[in-house]
Amino acid sequence: PCFNADYSLCDSLVGAGFDVICHATNHAMDKGRKGLINCAKYWKENYPQITVLGIHDTADTSTSCGAEPVILDLPDMKIAVLNYTYGTNGIPLPDDMPYAVDLLDEEQVAADIRRAEELADFTIVCPHWGTEYQKTPSSYQKKFALQMTEAGADLIIGTHPHVPQPVEWITAENSNQSLCYYSLGNYASTQKKALSMLEEMAWVTFHVTEEDVSISTENTGVVPLVCHYNSPPVRLEQVYPLEDYTE
């Protein structure tokens, strides 16, 4: 399937309070060069305050072309956020825009993370990866998560499989440690498989000192959610915290 959302989705995301948008997914090129450029242009012209990751209409924002990783400069800390996808469903990137979508290239990702660690107090990587509808992470996810951790990633938040996957602490041989959410599942959908109606909201509490920023093991984990919709016709009604969902 090739997807295409109305511009009003951008408006709704901003209205809901999102500050960072991760656009590197396997569907990033579904509407070709024009679709990607239109998307990037809409964000720039209407919401310049929003941080958009994963796609590039010009080379000067891509780390593969020498740009610096995106750093969120918060009052108490600086956070680097990186976003990549495993591919674009076989749709090639434009010949004159090889930088259009940030892909999960081992060398590039590791280099970006190492640079991010130099510039920021904390590094978050958001990979679009894994096998659809698989409840456990693939060997590919496990390998890449370990490499990201070794390079310096502090938090890994994964998407794509459409179902929740485990959350675990990862420790690399160089003693670097990260918290990895392999897949949050669907935030909002009408997919009919029961497990696709359940999802995780990553809940992370930062411990900030003058020396460093780390993840507090208390008040960190997941908030379980559930998508509720009518059928037929399939229409999303609401996303509930699982604890508030009735029998």
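Which strand does Thr-51 lie in? Strand S2, which covers residues 51-53. Before I go on, please note that this is a predicted model.

Is Thr-51 buried or exposed? Its relative accessible area is 18%, and buried means under 20%, so Thr-51 counts as buried. Leaving aside residues up to four places away in sequence, Thr-51 touches Asp-19, Val-20, Ile-21, Val-70 and Leu-72.

Now to helix H4. H4 has 13 residues. From first C-alpha to last, H4 reaches 18 Å, close to the 18 Å expected at 1.5 Å a residue. The buried residues in H4 are Gln-141, Phe-144, Ala-145, Met-148, Thr-149 and Ala-151. Looking down the axis of H4, you see these buried residues fall within an arc of 160°, so they line one face of the helix. As background, an α-helix has 3.6 residues a turn, so residues three or four places apart point the same way.

What do the buried residues of H4 pack against? They pack against H3 and against strands S5, S6, S7 and S8. Just after H4 comes Gly-152, with a positive phi of about 130°.

Last, the pair of helices. H3 is residues 106-119 and H4 is residues 139-151. Their axes come within 8 Å and cross at roughly 30°, and the crossing is right-handed. On the H3 side, the residues in contact are Glu-106, Val-109, Ala-110, Ile-113, Arg-114 and Glu-117. On the H4 side, they are Lys-143, Phe-144, Gln-147, Met-148 and Ala-151. By type, the residues of this contact divide into 6 nonpolar, 1 polar and 4 charged.

Methods. Residues are numbered from 1 along each chain as its sequence is written. This is a predicted model: local features need pLDDT of at least 70, side-chain atom pairs count only at pLDDT 80 or more; totals for chains, interfaces and linings use all residues. Side-chain values use heavy atoms; hydrogens and water are left out. Axes are lines fitted to C-alpha atoms, for helices over the stretch in contact, and angles run from 0 to 180 degrees between N-to-C directions. Helices (H or I, at least four residues) and strands (E, at least two) are DSSP runs, numbered from the N terminus. A crossing is left-handed if the near helix is turned anticlockwise from the far one by less than a right angle, and right-handed if clockwise. Contact means heavy atoms within 4.5 Å. Ala, Val, Leu, Ile, Met, Phe, Trp, Tyr, Cys and Pro count as nonpolar, Asp, Glu, Lys and Arg as charged, and the others, Gly among them, as polar. Buried means under 20% relative accessible area, exposed over 50%, partly exposed in between (1.4 Å probe, protein chains only). The expected span of a helix is 1.5 Å times one less than its number of residues. The arc is that of the directions from the helix axis to the C-beta atoms.
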